[in-house]
Amino acid sequence: MNNQEPIYDAKKLGVPKMLVLGLQHMFAMFGATVLVPILVQGYGLPLSIQTTLLMAGLGTLFFHLCTKFKVPAFLGSSFAYLGGFSAIAQLEAGKFAGMTGAEKLPYALGGIVIAGLLYLILAGLIKLVGVRKVMRFLPPVVTGPIIILIGLNLAPSAVTNASSCWWLALVAMAIIVVANIWGKGMIKIIPILLGVVGSYVVALIANALGATNAAGGPLIDFSAVAGAKAVGLQQFVIAKFDISAILVMAPIAIASMMEHIGDISAISATVGSNFVEDPGLHRTLIGDGIATALAALFGGPANTTYGENTGVLVLSKVYDPWVVRIAAIYAFILSFSPWFAAVINSIPTAIIGGVSFILYGMISAIGVRNVVENKVDFTNSRNLIIAAVIMVCGLGFTGGITFTIGSASITLTSLAIAAIAGIVLNAILPGKDYEFGKENVNIKSSRKADQ
C-alpha cells in the first residue's frame, strides 16, 4: 500500500471503499476526541461525550467549508485546554467560591469561546501584514516552554487517577507503548484507542472474576449503561463569560494556534499541496477558530486539527478530503446515542490515569520537540532568560494570582502568567534570532523568479 500512487479522488475507488476509509479516519480521531470529555469529567466538570462528538463532526465540516473543501483535515478535541479546565475546576476565589463543577463548566466554555475568536485576530493579522511579521511575537522560545508546561501541570491528575488501580493503569500504558513502538500500519496510528479498548477488555475480565479498585469497589460500574437510551439528544450547555475564566483559557490559544500552523504544514507536506498559500493559513485559522468558538458556545471542548488523521493520510495515500468528511458524518451520527456515551463513561479511572501518563508526557514532549526542531539557541542569554521565566512562572504560581479591579475578582492561573511573561519578555528583550518561514519564503521567491 505504501508503494501505490497517491489518490486525490476517492470516488474512483467506489462508495464502499470510501465508507471504509472514512471509518478508518473516524477510528484514528475517536480515542483522543472522547478522552478529552472523560478527563474533564475527572476534574469535576460534566463535559458531555455526545456533545463533543457532535461538535467534532460539525466543526470538521465547517472547517472544510471555510477552506474551500481543499484541506483533508479532521477537527477533534484539543488537549491543550485540559490545563485550563483543571484550573477552573479548582478556582475558589470571587464568584467561583462554593460553585459546583456543573456551575463552573459554562465559564470554562466561555473562556474557550474567546480563545477561538483569537484565531480570527491572528488570521486577520496574517492576511493584513503577512505571516512572518505576526509570528515574530510567537517564536518557539515562547510557545515551546508553554506547551511543556501544559503537560507538566496536568501530571499530578494522571498519578491520582492511576492510583485507583495501578496494575490496570500499567496494562493501559503497556498496550500503548507496544502498539506505538512495535505496531505496524493502522496499529501504529491508533495506540491511544487500542490502549483504552485493550485495558477495558482486561478490566471486564478482572471485574467478572471479582477484582476491585483501591477503594474496594468494582472496577467497572455498569449502572449508567443499563438505564441509557440507544438514541437521544445531546446535552447542551450555554457558555457564560467571566474575566477570570477568560484569562485562564485565552492564553492557551497561543499554544493551540502554533499547533494548528504545524499541523497544516504537515498536511501540506504529506499531500504535496501548499495549503498555507492555497486556500491560505488565514482561512484554516478562521475555520478552526470559529469551529472552536461555536463548539464551546454550546457545550463542547475546543477543536484542533488532528495529527492522528494526518498519519492516516500517510498510511493510506488517499488524500481526498471527502474521506475525512465521511469520518465527520460518522462522528455526527454517533453523537445521538446516550447508550454509547454511557459505555464510554464506564471506563475505569485507572485506565484514564494510565493513558494520561503517556498523553500528558507526550504534550510536554511535543513542546520539547518544538524547541529542538526550530533549533532554539540556549547559549543565547536572551532565549535562556525567556524560557527560564516562563518555566518558573508556570510551575511556581501553583495557586495563580487573584486581584480585584472594581467589583470584579480576577484570577490569573500559572499558565496565563507564564504566557504573558514570555510574550512580554520576547517583545522587549533585544537580539531576536528567529524568523518564521524564512526557508519557505526563499523557496517561494525562487519559484516566482523561475516563472
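**Exercise 1.** Determine in which helix Ile351 lies, and decide whether Ile351 counts as buried or exposed.

*Solution.* In this predicted model, Ile351 belongs to helix H17. The relative accessibility of Ile351 is 0%, and since the cut-off for a buried residue is under 20% relative accessible area, Ile351 counts as buried. The next step is to look for its surroundings: once the neighbours within four places in sequence are set aside, Ile351 is in contact with Leu168, Ala172, Val196, Ser199, Tyr200 and Ala203.

**Exercise 2.** Describe how helix H9 and helix H17 pack, giving the angle and the distance between their axes, and then classify the residues of the contact.

*Solution.* Two packed helices are described by the angle between their axes and by the distance between those axes. For H9 (residues 191-208) and H17 (residues 349-373), the angle is about 155° and the axes are 10 Å apart. Because angles over 145 degrees count as roughly antiparallel, H9 and H17 are roughly antiparallel to each other, and H9 passes H17 in a right-handed crossing. On the H9 side the contact is made by Ile192, Val196, Ser199, Tyr200 and Ala203, and on the H17 side by Ile351, Val355 and Leu359. Sorted by class, the residues of this contact comprise 7 nonpolar, 1 polar and no charged.

**Exercise 3.** Carry out the corresponding analysis for helix H1 and helix H16.

*Solution.* H1 (residues 15-42) and H16 (residues 338-345) pack at an angle of about 70°, with their axes 10 Å apart. The range for roughly perpendicular runs from 65 to 115 degrees, and H1 is therefore roughly perpendicular to H16. Phe30, Val34, Ile38 and Gln41 in H1 meet Phe340, Ile344 and Asn345 in H16, a contact that has 5 nonpolar, 2 polar and no charged residues.

Methods. Residues are numbered from 1 along each chain as its sequence is written. This is a predicted model: local features need pLDDT of at least 70, side-chain atom pairs count only at pLDDT 80 or more; totals for chains, interfaces and linings use all residues. Side-chain values use heavy atoms; hydrogens and water are left out. Axes are lines fitted to C-alpha atoms, for helices over the stretch in contact, and angles run from 0 to 180 degrees between N-to-C directions. Helices (H or I, at least four residues) and strands (E, at least two) are DSSP runs, numbered from the N terminus. Angles under 35 degrees count as roughly parallel, over 145 as roughly antiparallel, 65 to 115 as roughly perpendicular and the rest as oblique. A crossing is left-handed if the near helix is turned anticlockwise from the far one by less than a right angle, and right-handed if clockwise. Contact means heavy atoms within 4.5 Å. Ala, Val, Leu, Ile, Met, Phe, Trp, Tyr, Cys and Pro count as nonpolar, Asp, Glu, Lys and Arg as charged, and the others, Gly among them, as polar. Buried means under 20% relative accessible area, exposed over 50%, partly exposed in between (1.4 Å probe, protein chains only).
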